[in-house]
Amino acid sequence: MNTHTTQSMDITPHAHADVGGPTQPLLMVQDLIKHFALPKDILGRSSGVVRAVDGIDFAVRKGETLGVVGESGCGKSTTARLLMNLTVPDHGDIIFDGQSVGSKELSLKEFRRQAQMVFQDSYASLNPRLTIEDSVAFAPQVHGVDKQAAIDRARDLLARVGLDPRRFAERYPHELSGGQRQRVNIARALALQPRLIILDEAVSALDKSVEAQVLNLLLDLKEEFGLTYVFISHDLNVVRYISDRVMVMYLGQVVEIGDCETLFESPRHPYTRALLSSVPSMDPDNRTEEPPLSGDPPNPINPPSGCRFHTRCVHAESVCSTTMPKLVTDAQGTGVACLMHVVRSGHSAAPLSEQEAA
Amino acid sequence: MMNIAVNPAKVPAVVFEKSTGYWQNVSQRFMRDRVAVFAAIVILILFAMAIFGNQLAPHDPFAASIMKRLKPIGFPGHWLGTDELGRDMLTRLIVGTKLSLFMGITPVVLAFCIGSVIGIIAGYAGGAVNTLIMRTIDVFYAFPSVLLAIALSGVLGAGITNSLISLTIVFIPPIARVSESVTTQIRSRDFVDAARASGANAFTIVRVHVLGNVLGPIFVYATSLIAVSMILASGLSFLGLGVKPPEPEWGLMLNTLRTAIYVQPWIAAMPGVMIFITSIAFNLLSDGLRTAMEIKN
């Protein structure tokens, strides 16, 4: 990389060694917690904490796209920032390909070379004083690639994301449209040849037509570079289109995780069902029978006791306000955190035996 | 449409479309602002007077004449009259430009260097470091700037160097505060997070991503302080804490001529007019710069 590369391709897929083999999840998150302290009052007493992310566990397999959905304020974006360590977690482990992030085998800097992030606001995520090729070439230079090689790589990547470098490389962000800027951001994320890309509402701010183009670009790049995505969005259609598996979050916790089609076809958690029924259907025969989700989510400062969803759940019973259901995932990585699916939980709809549950 | 180049061959480097850079835009916008350009011209003239003062001046600034004291404006040979010792006013106003500008600009330049470093550190570090630095800075805000400058000069003793030091200390807190607030703003932008996510250390991020975005606004603010600095420096000289007689400097001249205010009010007001013109020119310049730099996307 130190030589003056005239040939373009340093953007080879799998630039980093696959440590754990194909069955080792690329990313494992264990009991991740982040509570934000509210400003102290005038006497210095703490007035509480926002439980933005409150103990989540999940795994991302190699080569898959994990969609993350939930209402605003459920902790999706905080989770993304915690994964990149942009916000320091209070508790929890992030294990990347079998190696704990921040340990001796995998320093934070090295992890950040293998995992990158694309932000929602395409304008705010580009430095207005740098040309777009300089923005894309910044990260490789941080990791010791010399300036000219980094610029060459940036131009190749701009071409890969559909921006002709001759027209765009030396332009400034304000001269580009939202969709073009988001392509630049994707090129920047690719510049370190990462294995994992976290897309935090990466297409949410784009027009529908541009959104479709960028989604297809993401799918193409994924195949070409062998990438793994964590795709965060509030748009259920987009998530369904792009994801292999989906994780549903509610008030800082994971309520359901599973295969994308299965989850969309037969959601098991009442919240997932309510969330899916909020998507308007084009088919008049396919009316929503369950009442749609009403009201805002409860305040994450003082979340409800027991199951956090019981205040809005149509199936809530007294046991739901006292017992917190735990998310237990099976070998397929499918799981639901609801007392109706826990054997003899005390809920009237709960299965009475393991056989019935299966 | 989806235009994924499967084989992006090496792109010829000759035909790259360049766009006008940010500073090019700023200077174009600035040139269209007539008031600001006029102010800039006035300042250029003042600088020319400061540099070539001795050659431009018609008389020796120190040559006194007991017979020609306090002559009015238009007196033959002395177009702007003479001062209380019979020295030519025009000469002393021209020669005084050098010292007056020097006393006005130097403290701001020094405070810009020190204050912006303090402010950027505080703004980028945030948290406890920010609190510690900014609360310390706030202590200086408890004193009115004029009093603080006088007190510091009084403690350090009279003289040009000491008044420069005291003025620098007076201007560090406001510049640090402005730097801190613009840095805090930039720091919360996603591109700084993206830079952090790429593994860059704080120093690299500040150098590449923060400085280019904050130095402009800090510079504009500092230019507006030059006017204040000139007035404060003149004030110190007026009080006998800055430049010593017989050196020509506008503030000092204002002081020595105040006894003549009933005899020759126009002569006595002359150094004040110069201070006024200079400070308003710097203010208009900084206004123009600020407007030119506020480019909306």
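Predicted model: local features only at pLDDT ≥ 70, side-chain atom pairs only at ≥ 80, totals over all residues.
View 1. Two residues are in contact if their C-beta atoms, placed from the backbone, lie within 7 Å. Residues are numbered from 1 along each chain as its sequence is written, with chains lettered from A and ligands numbered from 1 in the order in which they are written.

**View 2. Here is the geometry of the α8(B) and α10(B) pair.** Helix α8 (residues 202-238) and helix α10 (residues 265-293) of chain B pack at about 170°, and their axes are 9 Å apart. That angle makes α8(B) roughly antiparallel to α10(B). Angles under 35 degrees count as roughly parallel, over 145 as roughly antiparallel, 65 to 115 as roughly perpendicular and the rest as oblique. Axes are lines fitted to C-alpha atoms, for helices over the stretch in contact, and angles run from 0 to 180 degrees between N-to-C directions. Helices (H or I, at least four residues) and strands (E, at least two) are DSSP runs, numbered from the N terminus.

**View 3. Helix α8(B) also crosses helix α9 (residues 250-257) of chain B.** The two axes come within 7 Å and cross at roughly 45°, and α8(B) and α9(B) are therefore oblique to each other. B:Ala233, B:Ser234, B:Gly235, B:Ser237 and B:Phe238 of α8(B) meet B:Trp250, B:Gly251, B:Leu252, B:Leu254 and B:Asn255 of α9(B). This contact has 5 nonpolar, 5 polar and no charged residues. In the loop between α8 and α9 of chain B, look for B:Pro246: a cis peptide bond joins B:Pro245 to B:Pro246, with omega about 5°.

**View 4. Chain B touches chain A.** On the two sides, 31 residues of chain B are in contact with 41 residues of chain A. The elements giving two or more residues to the chain B side are α7 (190-197) and α8 of chain B. Of these, α7(B) gives the most, with 7 residues. The chain B side has 15 nonpolar, 9 polar and 7 charged residues.

**View 5. An open sheet of 8 strands in chain A has mixed pairing.** The strand order is β6-β7-β8-β3-β9-β10-β12-β11, and two strands pair if DSSP finds at least two bridges between them. At the edges stand β6 (115-118) and β11 (328-329) of chain A, each pairing on one side only. Strands β10 (residues 253-259) and β12 (residues 335-336) of chain A pair in the antiparallel sense over 2 bridges, and A:Glu256 stands opposite A:Val336 in β12(A). Helix α1 (residues 76-83) of chain A packs on this sheet, touching β3 (65-69), β6, β7 (196-200), β8 (228-232) and β9 (245-250) of chain A. The direction of α1(A) makes about 150° with that of β7(A).

**View 6. A second open sheet in chain A has 4 strands, in the order β2-β1-β4-β5, with antiparallel pairing.** Strands β2 (49-60) and β5 of chain A stand at the edges with a single partner strand each, so one side of each is left without a neighbour in the sheet. Strand β1 (residues 27-37) is joined to β4 (residues 91-96) of chain A by 5 bridges, with A:Asp93 in β4(A) as the bridge partner of A:Gln30. Strand β1(A) also holds A:Asp31, whose phi is positive, near 50°. Helix α1(A) lies across β1, β2 and β4 of chain A, running at about 65° to β2(A).

**View 7. Strands β4(A) and β5(A) form a hairpin.** There are 2 residues between the strands, and A:Asp97 in the turn has a positive phi of about 50°. The antiparallel pairing of β4(A) with β5 (residues 99-100) of chain A has 2 bridges, and A:Ile95 stands opposite A:Ser100 in β5(A).

Notes. Nonpolar A, V, L, I, M, F, W, Y, C, P; charged D, E, K, R; others polar.
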